[in-house]
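Subject: Structure handover

Hello,

I am passing a structure on to you, with notes on what turned up in it. Please look at it first and then read on.

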Amino acid sequence: MPSLTINAENIKAVAKGGREGTMPSFASRLFNRRNLQRWRSYAPALVLIALCVLITIANPNFIELRNLVRVANSAAVPLTLAMGLTFIILLGSIDLSVEGSLSIAAMVTVLLAANDANANSYGWLAVLAAVAASTAMGFATGLIQTFLRIPSFMATLGVWFIGLGISVYMLGGSAVRLMDPTIRDLALARFLGLPLAVWVALGAFALACVIQYHTRLGRHIMAIGGGEDVAELSGINLRRVRIMAFGLAGFFFGMAGVLAAAQLGRSDAVIADGRLFAAVTAVVVGGTALTGGEGGVINTLVGVLIVTVLGNGMILLGVSPYVQQTVQGLMIIAAVALSLDRLRLRIVK
């Protein structure tokens with residue numbers, strides 16, 4: 001009967017080779033899925049820092065206090081708009097009614113406050129009415145989208161044109177000047193060196209942070225965006241949350257409409273032109289995924305600053321407005337491409 005011999009050295013060599021084959025390399029550990037998600041979350045802040053450094057090197061006037069105040073003032077309306085839009089995108093939906101809601105709020109503000117078209121002079125009651133009107137539009141959008149089961153893209157597109165049409169009709173197709181000095185102070189008066197509009201926008205950001213991170217509504221919005229079926233099984237009322245989210249978005253759009261009217265000193269048919277693109281760009285560039293459930297209002301703040309700083313820098317560098325639009329278009333495509341998790345996204349429609 002043949003004897004069995006065991007070569008200990010061979011066993012050690014095989015074991016060592018097996019361990020070396022299964023041990024992950026430094027590169028694989030650095031770029032695994034978890035670390036890639038972490039790097040992706042830091043990317044917007046790094047881009048913002050790099051932009052500020054490069055623009056300052058190209059034109060040192062960028063870091064002058066007067067220009068930084070100008071940047072902050074330019075970011076006030078986009079930031080307030082983007083706060084509302086962020087909650088809708090976190091749901092995994094989209095809200096195209098931004099410009100219609102802003103137009104309604106600006107129109108109500110101007111026509112109810114002191115103006116050059118009628119004898120009304122309701123002061124800050126006009127501001128409350130404007131925000132209430134835009135909020136009501138948001139709730140109406142949510143009701144249309146949920147009860148009629150219309151995709152958010154089409155429902156909000158219809159509300160956009162309804163709001164814009166009502167605004168143009170009420171204004172008579174012309175520009176109406178805002179004559180109320182207290183409302184105009186939102187743009188003209190300053191506190192600690194910053195226009196009051198900037199402080200209002202920061203207040204809107206603080207409110208959005210509280211809603212997202214410290215309320216049940218914020219948690220439910222994130223849950224629905226992360227997985228609607230799972231959220232429904234866990235007892236979340238999807239219809240109610242959607243309606244509340246669209247109403248909340250309308251509230252922020254109304255605040256932005258008041259700020260826009262105060263900054264421009266008037267309301268007209270084109271007061272909201274381009275606002276939708278700026279808001280969507282800011283939300284996406286900040287790192288909030290269009291698929292929902294990932295990102296948030298802090299990301300959006302960074303995104304607004306990126307868009308505003310880039311626009312200001314290109315003006316300082318004398319870049320053509322047409323080239324600026326091209327750069328913004330490329331930026332939003334790149335941001336969407338980087339924000340998508342292709343390991344989870346199997347189908348693109």
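A salt bridge here is a side-chain nitrogen of Lys or Arg within 4 Å of a carboxyl oxygen of Asp or Glu. Please keep in mind that the model is predicted.

Salt bridges

How many salt bridges does a search of the whole structure find? The search finds one. Aspartate 268 and arginine 266 form a salt bridge, and their closest N and O atoms are 2.8 Å apart. Aspartate 268 is buried, at a relative accessible area of 10%, whereas arginine 266 is partly exposed, at 31%.

A buried glutamate

Glutamate 99 sits in helix α5, which covers residues 98-112. Glutamate 99 is buried but has no salt bridge. Which side chain of opposite charge is nearest to it? That is arginine 275, 7.6 Å away. The backbone of arginine 275 is another matter: the side chain of glutamate 99 reaches its backbone nitrogen at 3.4 Å. Not counting residues up to four places away in sequence, glutamate 99 touches Trp160 and also Ala272, Asp273, Gly274, Arg275 and Leu276.

Tryptophan 124 belongs to helix α6, residues 124-147. Is this residue buried, partly exposed or exposed? Tryptophan 124 counts as partly exposed, with a relative accessibility of 42%. Its contacts, leaving aside neighbours within four places in sequence, are with Thr182, Ile183 and Leu186. With threonine 182 there is a polar contact from side chain to side chain, at 3.4 Å. Tryptophan 124 also lies 8.7 Å from threonine 109, C-alpha to C-alpha, with the two 15 residues apart in sequence.

A nonpolar surface patch

Which residues form a nonpolar patch on the surface? They are Tyr42, Leu46, Ile49, Val53, Leu54 and Ile57, and together they have about 630 Å² of accessible area. One of them, leucine 54, is in helix α3, residues 33-58. Leucine 54 is exposed, with a relative accessible area of 55%. Since a patch takes residues with over 30% relative accessible area, leucine 54 at 55% is above that cut-off.

If you open the model, glutamate 99 in helix α5 and the pair of aspartate 268 and arginine 266 are places to begin.

Regards

Technical notes: Residues are numbered from 1 along each chain as its sequence is written. This is a predicted model: local features need pLDDT of at least 70, side-chain atom pairs count only at pLDDT 80 or more; totals for chains, interfaces and linings use all residues. Side-chain values use heavy atoms; hydrogens and water are left out. Helices (H or I, at least four residues) and strands (E, at least two) are DSSP runs, numbered from the N terminus. Buried means under 20% relative accessible area, exposed over 50%, partly exposed in between (1.4 Å probe, protein chains only). Lys and Arg count as positive and Asp and Glu as negative; His and the chain ends are not counted. A polar contact is a pair of N or O atoms within 3.5 Å; within protein, one must be able to donate a hydrogen and the other to accept it, and residues adjacent in sequence count only if both atoms are side-chain atoms. Contact means heavy atoms within 4.5 Å. Patches are made of residues with over 30% relative accessible area and no salt bridge: like charges are joined within 9 Å, nonpolar side chains (Val, Leu, Ile, Met, Phe, Trp, Tyr) within 5 Å. Accessible areas come from the Shrake-Rupley method with a 1.4 Å probe; for residues, only the protein chains shown count as cover.
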